[in-house]
Amino acid sequence: MDLHQLVNTLGQDLKHRYGERVHKLTLHGGFSCPNRDGTLGRGGCTFCNVASFSDETAQHQSVSHQLHQRAKEVDRARRYLAYFQAYTSTYDEVARLKALYEQALARENMVGLCVGTRPDCVPGQVLTLLAGYRQQGFEVWLELGLQTGHDKTLKRINRGHDVAVYERITQQARALGIKVCTHLIVGLPGEGITDHQTTIDRVVSTGTDGIKLHPLHIVEGSTMAKAWRAGRQDAITLEDYVDSASMMIQRTPPEVVYHRVSASARPPTLLAPSWCENRWLAMTAIANQLDKHGAQGAALGTSFIAR
């Protein structure tokens, strides 16, 4: 059975609401991160190397040029969401944020904006700015990198914030009509399926509109890569990832939209696990497991029904 028949996926949700395909166009705004520039720390989170998921050369191109290039790569969609993905896309002066966001929203057939950031980098002025676009009729997603619901792990991976700040910003954003997508990493050091259950339950309890699941990638250039080479860090197996991801999906209310249930990277940036070279391996395995044991929300007694 196809994943979208078992999980409330973003692609199907957008198609249902807009009557056609809507595609995310990824953007690099040339932002930094307080965990890299010395504000909170140096070197970033232990798992991080932005080059594993973002084209670093794009930061030298205008937003308009990037959108033009990304749209040419998409042949099955005519409407778009502008996705500021790399680093912390709210970490700048509000005037510059406004200029970048509005340059993106000015493109023809743009239905909204997705902004990837950290929960400790979303001041009130930024929430007001984003809420203004929502009031203009644009779809607005604030994508918050929580990664885990455990403060101990957040400290271990040098994240630089706690879970409480995520809960506070999520509640403030949603009160203003801004949709929140929570990013979670499965397979962080010291965590197992019981920890993953605690994380998803805490996210659901806080309230969220979307979730993005990632298996832990050990990538070149990250602090974690050194630990992996030294034998101090294991890579999550496909089987363990599928078990945890499926459990988390089953514990998620059907109305919450899954933006992603797995992710991929390529060598030489990707060091481990090798199965992450092909995101379809996990997606297919998750679909099979959900088909056997229950769809999204099954553990809550309210399973997702495809529209």
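**Around α4.** I began with what covers the buried residues of α4, and found α3, β3 (110-117), β4 (139-147) and α6 (163-175) among the covering elements. A reminder to myself: this is a predicted model. I then listed the buried residues of α4, which are Val126, Leu127, Leu129, Leu130, Ala131, Gly132 and Tyr133.

Next I checked the length of α4, residues 124-135. Its twelve residues should span 16 Å at 1.5 Å a residue, and the end C-alpha atoms are 16 Å apart, so the two agree. Just past α4 I noted Gly137, whose phi is positive, at about 105°.

**α2 against α3.** I moved on to helix α2 (residues 63-72) and helix α3 (residues 94-105), whose axes lie 9 Å apart at an angle of about 35°. Their crossing is right-handed. Which residues make the contact? From α2 I wrote down Val63, Ser64 and Leu67, and from α3 Leu100, Gln103 and Ala104. Sorting the residues of this contact gave me four nonpolar, two polar and no charged.

**Ser303.** My last stop was Ser303, in the segment after α10 (279-293). I wondered how exposed Ser303 is. Its relative accessibility is 39%, so I put it down as partly exposed, a class that runs between the 20% and 50% cut-offs. Setting aside neighbours within four places in sequence, I found Ser303 in contact with Pro254, Ala295, Gln296, Gly297 and Ala298. I also looked up Pro253, which is 50 residues from Ser303 along the chain, with 7.8 Å between their C-alpha atoms.

Notes. Residues numbered from 1 in each chain as written. Predicted model: local features only at pLDDT ≥ 70, side-chain atom pairs only at ≥ 80, totals over all residues. Heavy atoms only, no water. Helix = DSSP H or I, 4+ residues; strand = E, 2+ residues; numbered from the N terminus. Buried < 20%, exposed > 50% of the residue type's maximum accessible area, 1.4 Å probe, protein only. Contact = heavy atoms within 4.5 Å. Axes fitted to C-alpha atoms, helices over the stretch in contact; angles between N-to-C directions. Left-handed = near helix turned anticlockwise from the far one by under 90°. Nonpolar A, V, L, I, M, F, W, Y, C, P; charged D, E, K, R; others polar. Expected span 1.5 Å × (residues − 1).
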